Amino acid sequence: MNWYKVWMVVPGTDGDAENGPCEPQWWNDMVQAEDEPTAITAANAKARADWEDSDGECPCGRELGIECPVCTGAQAVTDEEYAAWVKRMEDFEPLPFE
C-alpha cells in the first residue's frame with residue numbers, strides 16, 4: 001500500500017453567471033491505497049461519509065447545503081512527503097476569529 005495525495009473540490013464553488021468565475025473551494029488530503037484509481041475511490045468514499053455525518057455540535061456539509069466534495073486526481077507520494085504533510089497538519093494553526 002502506498003500513500004496518495006488527492007485533490008478534493010466542492011462542485012459549484014467556481015462562481016456563477018451573476019458573480020463570475022472564482023477560485024473553487026479545494027484542498028488536498030492523503031489516503032492509503034494500492035493504486036491511483038483505488039485512491040480516488042477511497043477519497044470519494046471518505047468525503048461522502050464526512051459530508052453526510054454530523055457530530056451533533058457542528059452541522060455537516062449536507063445540512064449546510066454544500067455539495068459533496070469529489071476527488072479530481074491522485075498522485076503517489078513518498079514516505080518523506082507524507083511525513084512532511086502530517087507535520088504541516090499538526091502544526092497548522094487556524095486563523096483567529098473575533
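**Notes on the model**

1. The largest pocket holds about 270 Å³ of space. A pocket here is an open set of points on a 1 Å grid over the protein atoms alone, where a 1.4 Å probe fits and protein lies on both sides within 12 Å along at least five of seven lines; lining residues have an atom within 4 Å of a point. The volume is the space filled by probe spheres set on the points. Of the 16 lining residues, Trp27, Ala47, Asp50, Trp51 and Pro69 are the closest to the centre of the largest pocket.

2. Before going further, please keep in mind that this is a predicted model, where local features need pLDDT of at least 70, side-chain atom pairs count only at pLDDT 80 or more, and totals for chains, interfaces and linings use all residues. Residues are numbered from 1 along each chain as its sequence is written, and side-chain values use heavy atoms, with hydrogens and water left out.

3. Which elements build that lining? Strand 1 (2-9), strand 4 (26-33) and helix 1 (36-52) each give two or more residues to the lining of the largest pocket; helices (H or I, at least four residues) and strands (E, at least two) are DSSP runs numbered from the N terminus. Helix 1 gives the largest share, five residues. By type, the lining divides into eleven nonpolar, two polar and three charged residues.

4. Strand 1 also has two antiparallel partners to look at. Eight bridges join strand 1 to strand 4, with Tyr4 facing Val31 as its bridge partner in strand 4. Strands pair if DSSP finds at least two bridges between them.

5. There are two aromatic pairs, counted when ring centres of Phe, Tyr or Trp (its six-membered ring) lie within 6.5 Å; planes under 30 degrees apart are stacked, over 60 edge-to-face and the rest tilted. Trp3 and Tyr82 are stacked because their ring centres are 3.9 Å apart and their planes are at 10 degrees. This pair links Trp3 in strand 1 to Tyr82 in helix 2 (residues 79-91), 79 residues apart. Trp3, Tyr82 and Trp85 form one aromatic cluster.

6. Are the two cysteines Cys68 and Cys71 buried or exposed? Cys68 is buried at 12% relative accessible area, and Cys71 is buried at 11% (buried is under 20%, exposed over 50%, partly exposed in between, with a 1.4 Å probe and protein chains only). The structure holds zero disulfides (cysteine sulfur atoms within 2.5 Å).

Conventions:
Ala, Val, Leu, Ile, Met, Phe, Trp, Tyr, Cys and Pro count as nonpolar, Asp, Glu, Lys and Arg as charged, and the others, Gly among them, as polar.
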